[in-house]
Amino acid sequence: LSPCRYTGSEIRVRDDSMPLAHVAIAVEGAGWTDADNIPLMVANTLIGAWDRSQGGGSNNASFLARAASAGNVCHSFQSFNTCYKDTGLWGIYFVAESLQLDDMVYNLQKEWMKLCTSVTENEVERAKNLLKTNMLLQLDGTTPVCEDIGRQILCYNRRIPIHELDARINSVSVQNVRDVCFKYLYDKCPAVAAVGPTEGLPDYTRVRGGMFW
């Protein structure tokens, strides 16, 4: 089979009868076995997730969560890093009101560009610790452990021991995160999918223009 080919594009299904717009924006990511996958996972953890039912407000560690809370620019967001055999999707899914969409896209792209240029060592260390914690919490029980074994056998043809994965995450430096994010994010064509009252979502040329400073 020929390698997968990623193409930046968009699809919008405007439905004003829905109370909120659901939007996903992503760029091409790395495959399971790619060396860039771990730094992308750290970057994904840096963006994190948030919804307005959570406490914290301006005390959230994630800059995007603080902006979302202070500016009321969305109801919730969830970053994601979906890997396949030889490619992937790295991005964010968020839910917002129609008039909030422009501000939300501006804030999330601002954070993406920060990952490429000026993310700090303290932020990367926090994300690495949180990533390791989340990975261990997902293995709390026999069923998730069996699922993890099966997934790793399919992806890597072996089970990666916890200590090896821990060492791989620890080896990620702030420069690794900047370089990998610059490679996958900076000046790249995103894929955009949206449904709901989407008239407030910036058009594709503006979204594409926000992928560089």
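User: How do the axes of helix H1 and helix H4 lie, and at what angle do they cross?

Analyst: In this predicted model, the axes of H1 (residues 37–47) and H4 come within 8 Å and cross at roughly 100°. Axes are lines fitted to C-alpha atoms, for helices over the stretch in contact, and angles run from 0 to 180 degrees between N-to-C directions. Helices (H or I, at least four residues) and strands (E, at least two) are DSSP runs, numbered from the N terminus.

User: Why are H1 and H4 called roughly perpendicular?

Analyst: Angles under 35 degrees count as roughly parallel, over 145 as roughly antiparallel, 65 to 115 as roughly perpendicular and the rest as oblique. The crossing is at roughly 100°, and H1 and H4 are therefore roughly perpendicular to each other.

User: Which residues make this contact of H1 with H4?

Analyst: Contact means heavy atoms within 4.5 Å. H1 contributes Met41, Val42, Thr45 and Leu46, while H4 contributes residues including Glu123, Val124, Leu131 and Met135. The residues of this contact divide into 8 nonpolar, 1 polar and 3 charged. Here Ala, Val, Leu, Ile, Met, Phe, Trp, Tyr, Cys and Pro count as nonpolar, Asp, Glu, Lys and Arg as charged, and the others, Gly among them, as polar.

User: What makes valine 124 count as buried?

Analyst: Buried means under 20% relative accessible area, exposed over 50%, and partly exposed in between (1.4 Å probe, protein chains only). Because its relative accessibility is 1%, valine 124 counts as buried. Valine 124 lies in helix H4. Leaving aside residues up to four places away in sequence, valine 124 touches Val42, Leu46, Val119, Val172, Ser173, Val174 and Val177. Valine 174 is 50 residues from valine 124 in sequence, yet their C-alpha atoms are 6.0 Å apart in space.

User: How are the directions of H4 and H6 related, and at what angle do their axes cross?

Analyst: The axes of H4 (residues 121–137) and H6 (residues 162–170) come within 10 Å and cross at roughly 160°. That angle makes H4 roughly antiparallel to H6. The contact of H4 with H6 divides into 6 nonpolar, 1 polar and 3 charged residues.

User: How do you know which strands pair with E5?

Analyst: Two strands pair if DSSP finds at least two bridges between them. E2 (residues 21–29) and E5 pair in the antiparallel sense over 9 bridges, and 8 bridges join E4 (residues 76–83) to E5, also antiparallel. Alanine 24 stands opposite tyrosine 93 in E5, and phenylalanine 80 stands opposite glycine 91 in E5. E4 and E5 form a hairpin with 4 residues between them.

User: Why is E5 described as mostly covered?

Analyst: Of the 9 residues of E5 (residues 88–96), 7 are buried.

User: What makes E1 and E3 the edge strands of the sheet?

Analyst: The open sheet of 6 strands has the order E1-E6-E2-E5-E4-E3, with mixed pairing. E1 (9–14) and E3 (49–51) are the edge strands, as each pairs on one side only. Neighbouring strands of this sheet are turned by 15° against each other on average, direction ignored. Helix H3 (residues 101–117) packs on the sheet and touches E2, E4 and E5.

User: What rules apply to the numbering and to the values?

Analyst: Residues are numbered from 1 along each chain as its sequence is written, and side-chain values use heavy atoms, with hydrogens and water left out. Because this is a predicted model, local features need pLDDT of at least 70 and side-chain atom pairs count only at pLDDT 80 or more, whereas totals for chains, interfaces and linings use all residues.
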